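User: I am new to this structure and would like to learn how to read its features step by step. Could you take me through them?

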Amino acid sequence: MRRPVRTNSQWGRIIAVLAVCGFSFFVHGGAPAVSLMESRNFVAAREMVAGGSWLIPTLNGEPRLAKPPLPTWAVAALQSLTGPTENLALLRLPAALAATLLVLFFWALARELTRHQPAEAAAPGRTAWLAALVLASSLLIIVTGREGQWDIFASSLMIGALWLLVRGWRQPGPAYAPLLGAGLLAGLSMLSKGPVAVYAVLLPFVGAYLVGQPGYRRQVVRQGRGTTLAAVVALLVGLSWPGHIGLALAPLALKVARTEVTSWGGRHVQPFWYYWSFFAFTGLWALVALLSLVWPYARPRLRGILPYAQILGWLVASLVLLSLVPEKKERYMLPLMPPLALLVAGLLRYWETWQATRPQPATPTADVWLLRGWGSLLVAVFLALPAAMVLSRLPGFGVGSIWFAMAVGVCGALTGWVGWGVRQVRPTALVAATLAGVGAIIGLLMPAYPGWEARKGTPGLRQLRDARQEPYLRRIATWRSLDTLHVKQVWAAGRAVPVWHPSVEALAGLREPVVLFSGGNAADRLPTGWERYVQLQLLDSFYLGQDQQSGYWRISRIDPLKHPHNKVANH
């Protein structure tokens, strides 16, 4: 009989978690093109740094009130230190740090939730450590942590609030410091994406933590004053910016609030069961995640490792609350990932203990066959990686390239590693191979991502990012658009391009040239009689996407006439 699994050194665990976070959130951070949500965040941050208001963010010169400003402040603060930049890897750094903070907060929370479980006697803290590794390498966490938008900030800070709440509630004496810290983090979460994390993270967790747990309810009652102060702090911090906006821009704020509430039931509407495949968004952990949800299988095995009913209740409550909202998107499943990662870690921990104590040789059991099935899926993924590089036919990644050679070597080694782990029934080998596989996929495939995005595009199409470098545009300080320019194009312009509907009087008072953007002929969009006061000249054009079907816009220039007359300028 083998000896039970023992604990690793704490420093070794920290290094392992940070290494996984480094690959998951930082390596090749600039590879994907800027997304729609990122464009909004980055444009608003750019305008803050360029002299705009930090309390009333703007998007292309117009107030941006639909989302709270904390993630935008983070990007703007970074640019205040580094200077204005369009380096996407750098601009995504705050989101990557928030994702890393999410993993660390969750690790601490998982440690609190499993601290008194019987399995902790053999390997203290190992279940929580495995949970942190699983979360850091889960597909949805990776995707969200590599994109500079709001969701990762809200979830990260709220998980931190949960950790400090549990820590404070379980202290025998007054615990004002952790509880006030929890209130602060909850308030900052609200400043990141409003009440979303309160609804999808805080409420499900507190409900699952207290229901059927009279001992825990007594703890909360004992810490009643501190908990009340935490709630007050959370509301003061979380409502500070909306309160300021409500006082400064009351009519506009009310209009935006109505639009946002309406959008919950009118945009991106999906059926109630849309999120029920959530376990697949753990990526390479998907099979283990699914097994951890099967009550008859998982509950007897996880007893003594973690409070299974409580964690599953947290997950199910969050899933139901999210499913009740008509508006649904894949990234909205982010609150489901922490409790699911803890369930996965519990099952991994059981397999480790079971493998270390089972008699040798032994007749294959259900657990052996499940481990073999998980290993087979890993092998299929590792073998598919080089094949995908060949089939994609991306320049520099085909047969004979250095990237392909590395993929074959790494995936071959991982396949052999998994095969050995399956033959020897070593769950730890499969865990390590999964983590290494996630790193290999990111390291080998992310450099190919820009080529993959542009694979169906038409080479050589002129983009706004190219046109804006021309000296005849850079010399002109004022840029305006006669139509609403898409926010991605505003980001590509490198500066604000506000919508402009000039009157004849405005054209008559013009003293400096203006660059005009338009979706059609600019002359048709100017007011009647414009020819008497300005001269219009077509300068350039650019496509909106990677192919000609995306459409194109015109770039024109208007100059005030020195001697206004009725002569119509060539255009």
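**Two helices side by side**

Analyst: In this predicted model, helix α9 (residues 176-193) packs with helix α12 (residues 224-238) at an angle of about 25 degrees, and their axes are 7 Å apart.

User: What does the angle say about how α9 and α12 lie to each other?

Analyst: Angles under 35 degrees count as roughly parallel, and α9 and α12 are therefore roughly parallel to each other. The crossing in which α9 passes α12 is right-handed.

User: Which residues of α9 and α12 meet?

Analyst: From α9 the residues are Tyr176, Leu179, Leu180, Gly183, Leu184, Ala186, Gly187, Leu188, Met190 and Leu191, and they meet Arg225, Gly226, Thr227, Leu229, Ala230, Val233, Ala234, Val237 and Gly238 in α12. Sorted by class, this contact of α9 with α12 has 13 nonpolar residues, five polar and one charged.

User: Let us turn to the strands. In what order do the four strands of the open sheet run?

Analyst: The order is β3-β4-β6-β5, and the pairing in this open sheet is mixed. At the edges are β3 (478-481) and β5 (534-543), each of which pairs on one side only. From one strand to the next, the twist averages 25 degrees.

User: Which pairs of strands are parallel and which antiparallel?

Analyst: Reading across the sheet from β3, that strand and β4 (residues 514-518) pair in the parallel sense over four bridges. Next, β4 and β6 (residues 552-560) pair in the antiparallel sense over five bridges, and β5 and β6 also pair in the antiparallel sense, over nine bridges.

User: Which residues could I look at to follow these pairings in the structure?

Analyst: Begin with tryptophan 479, whose bridge partner in β4 is valine 515. For the pairing of β5 with β6, look at leucine 536, which stands opposite isoleucine 558 in β6.

Methods: Residues numbered from 1 in each chain as written. Predicted model: local features only at pLDDT ≥ 70, side-chain atom pairs only at ≥ 80, totals over all residues. Heavy atoms only, no water. Axes fitted to C-alpha atoms, helices over the stretch in contact; angles between N-to-C directions. Parallel < 35°, antiparallel > 145°, perpendicular 65-115°, else oblique. Left-handed = near helix turned anticlockwise from the far one by under 90°. Contact = heavy atoms within 4.5 Å. Nonpolar A, V, L, I, M, F, W, Y, C, P; charged D, E, K, R; others polar. Pairing = 2+ DSSP bridges.
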